Amino acid sequence: MKVGVISDIHGNHYALEAVLNVAKQEGIEKLLVLGDIVGYYYHPELVLKMLSEWNYEIIKGNHEVLLQDLTEKKIDSEVLKGKYGCGHEQALKNLDDKTQEWLFSLPTQKSILIDGVSFQMNHGSPSSIDEYIYPDATLEKLEKCNSVVHDFVLIGHSHYAFSHQCENSILINCGSVGQSRQKGGQAYWCVINTADKSFEMKTTAYDTAELLEEIQLFETKIGYSSRILQR
């Protein structure tokens, strides 16, 4: 089975649509979603609608935690907006209460078995939802992600895609679909084939024009969320 691994969509349905079109063409049968459906951009409801047409497993990311903190008034909305823009605010408007509760109830980590191949799904790292693992991380830090019971350890969060052969498992950061910090207008993800445990890091181009127009509409201050799409 071909399995697609995606993360950090961040309400960017334009990027997700491009990825899913390629996934269909390539015969992907299942998706593993590593969190951060919400945050930065504006249409997580469309993201979830697209995903609903697929067989998928999902965990939550740190931005789902931030959204829950916002609903429970554990974080100031202006502070959150100042750092990440209006994405969380729009998520509260566009996601009904039932969907929000479902997002908040998602696990932070999940282990699954597909065709005898074992996967550990994480957002930041196996030890923390908020830990950033970058391609230039020390060998010691990469090896801390090693698993003796999984074939693949999957992570996202840093928005940088890479892979590393650990002592007993393969560590894959699939990068970000919705807001790559490697190159604007490119969605990063990964395909794993359970038949032979091979994998391919994928990059899918998408048009950022409409999203950039939305940023102009929603944000009072145009900054990082716009610049990063043009990197």
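Visitor: Are Tyr 41 and Tyr 42 buried or exposed?
Guide: This is a predicted model, where local features need pLDDT of at least 70, side-chain atom pairs count only at pLDDT 80 or more, and totals for chains, interfaces and linings use all residues. Residues are numbered from 1 along each chain as its sequence is written, and side-chain values use heavy atoms, leaving out hydrogens and water. Buried stands for under 20% relative accessible area, exposed for over 50%, and partly exposed for in between (1.4 Å probe, protein chains only). By that scale, Tyr 41 and Tyr 42 are both buried.

Visitor: What kind of aromatic pair do Tyr 41 and Tyr 42 form?
Guide: Rings of Phe, Tyr and Trp (its six-membered ring) pair if their centres lie within 6.5 Å; planes under 30 degrees apart are stacked, over 60 edge-to-face, and the rest tilted. Here the centres are 6.1 Å apart and the planes 75 degrees, making the pair edge-to-face.

Visitor: Why is the pair of Phe 119 and Phe 152 stacked?
Guide: Their ring centres are 5.5 Å apart. The pair counts as stacked because the angle between the planes is 15 degrees.

Visitor: How many residues apart are Phe 119 and Phe 152?
Guide: Strands (E, at least two residues) and helices (H or I, at least four) are DSSP runs, numbered from the N terminus. Phe 119 sits in strand β5 and Phe 152 in strand β6, so the pair links distant parts of the chain. Their separation is 33 residues.

Visitor: How many residues of strand β9 are buried?
Guide: Strand β9 covers residues 186-193 and is largely enclosed by the rest of the structure. The count of buried residues is 7 of the 8.
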